[in-house]
Amino acid sequence: MVVFPPTTPAELIALILRVITSHTFITIIIFPGFIHLTLVVIFLTWYERKLLARIQLRIGPLYAGGPGGILQPLADGVKLIFKEVMIPYKASKPLFLGIPLMMVFLSALPFAVIPFGQHWVIANIDVGLVFVFAMTSLFPSMILIFAWASNSKYPFLGGLRSLFQQVAYEIPMWISTLSVVLLAGSLNLVDIVKAQEKMWFIVPAFLSFIVFFIAIMAELERLPFDLPEAEPELVAGWYTEASGAIFMLIFMGLYMKLYLMSSLVTVLFLGGWWGPAFLPQPVWFIIKTLIVATFIIIPRGVYPRIRVDMLIKTGWTRLLIIALANIFLTILLINSGLLAAWGI
Amino acid sequence: MALNPWLAIIIWAIIIIVLTGPMLTLPMFWSRMKPDPFRDMPFESGQVPQGEARHRLVMQYYPYLLMFVVFDVVGMFLFAWGISFTRLPLNASAFVILFIVLLGAPLGYALKLALNKENW
């Protein structure tokens, strides 16, 4: 019997048990929520190093922890937490310290609407897709403010480049998802995944998958689009002055954003949680998402960086026009009745 | 799932702040926080930093930014149309399609201006 407010210790224990076993608490703290996200970020840092090391015939982390240096990310975390936080003089202190927290916040908040399974979602809202884009489109301005706050030349140039790049690729990313919305008839991410039960949207909307994938590579500042942190030119780009805990928070934010964008690809194009029934839904979702993340990471070990004018030209001319043309293609596909067998 | 989903988002936001905040505030207690005029200089390839870091740069990005503003708003309207597309008759959608086609002309002109490298 749960009573609120509790008066006796037994009622208090009953209330706490009721809260801990509630679906909301489990989704927020354990599965799609905090513990799962932290573990995935720790895994991704290790995974990216190992994968790039394999591609470039290096060895990668080997000695920290058990097989394959699995504890290396923990060692890095401990190192960064105990390091001194260096703030460059004349830097804007509140912004320099606050923006990294804001980055983690902005990249973790959209996970509330990502459905990891039919019931494994924190908040099933009707504007899920718009919510995700609203949060991620705040990222470039955060980067620019951080770059400005550190009051140093390399970060400032990196921050400006990041702003230009992310502004150029936001529109193709945003318009290319329109064909998915047309096919599913909803902005609710749970409904979008439910509409893919018979056919993943990568088949009818293949062009928009290509545009979306290239656009998120640029949004995530992954090679070949990592101009904002181009090491030979700008040292480390917009986070040159970041050290210790600030550096760790920025990287947590970036890896969470990588996972967020990969899971968005899974939700929009790869059928979300759907898969053969011998594995539970969230497992399928995580497998697909990690495969997408792998394909985002691999070009870093393979391709060189492209020039800034090429980058902007590709974004505004090629991708935007393909994304707009794709709308007509999708309308034709829907009205031709070719997709009727799959209930679209 | 009786809880309002927006309330769940607010709880999730509070949880993020409560659990990530200590990552920044706790190191302030145990790490050495002693300002050092030489070490705290902004990094400039080992040189003493010269001049103003927050300077003005001339880059003619405004044609792109104008396109960004236009297409952001257009995208919003297209999404509003996209949700109800399957429920609308096709001749209702024809006007939206006509609008996108008409938008192509100014887009082409803006791209022509923006890609002219003499303007950069």
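This is a predicted model: local features need pLDDT of at least 70, side-chain atom pairs count only at pLDDT 80 or more; totals for chains, interfaces and linings use all residues.

Me: Where does α1(A) lie, largely buried or largely in the open?
Reply: A residue counts as buried if 20 or more other C-beta atoms lie within 10 Å of its own. Among the twelve residues of α1(A) the number that are buried is zero, so the helix lies largely in the open.

Me: Which element gives the largest share of the side of chain A that touches chain B?
Reply: The contact draws 60 residues from chain A and 52 residues from chain B. On the chain A side, the elements that give two or more residues include α4 (72–82), α8 (153–176) and α13 (244–268). By class, that side divides into 43 nonpolar, twelve polar and five charged residues. Its largest share, ten residues, comes from α8(A).

Me: How are α13(A) and α1(B) oriented, roughly parallel or roughly antiparallel?
Reply: The axes of α13(A) and α1(B), the latter spanning residues 5–30 of chain B, are 9 Å apart. They pack at an angle of about 170 degrees, and angles over 145 count as roughly antiparallel. The orientation of α13(A) to α1(B) is therefore roughly antiparallel.

Me: How many nonpolar residues has the contact of α13(A) with α1(B)?
Reply: From α13(A) come G244(A), A245(A), M248(A) and L249(A), while α1(B) brings M23(B), L24(B) and P27(B). By class, this contact has no charged residues and one polar residue, and its nonpolar residues number six.

How values were computed:
Residues are numbered from 1 along each chain as its sequence is written. Chains are lettered from A and ligands numbered from 1 in the order in which they are written. Two residues are in contact if their C-beta atoms, placed from the backbone, lie within 7 Å. Helices (H or I, at least four residues) and strands (E, at least two) are DSSP runs, numbered from the N terminus. Ala, Val, Leu, Ile, Met, Phe, Trp, Tyr, Cys and Pro count as nonpolar, Asp, Glu, Lys and Arg as charged, and the others, Gly among them, as polar. Axes are lines fitted to C-alpha atoms, for helices over the stretch in contact, and angles run from 0 to 180 degrees between N-to-C directions. Angles under 35 degrees count as roughly parallel, over 145 as roughly antiparallel, 65 to 115 as roughly perpendicular and the rest as oblique.
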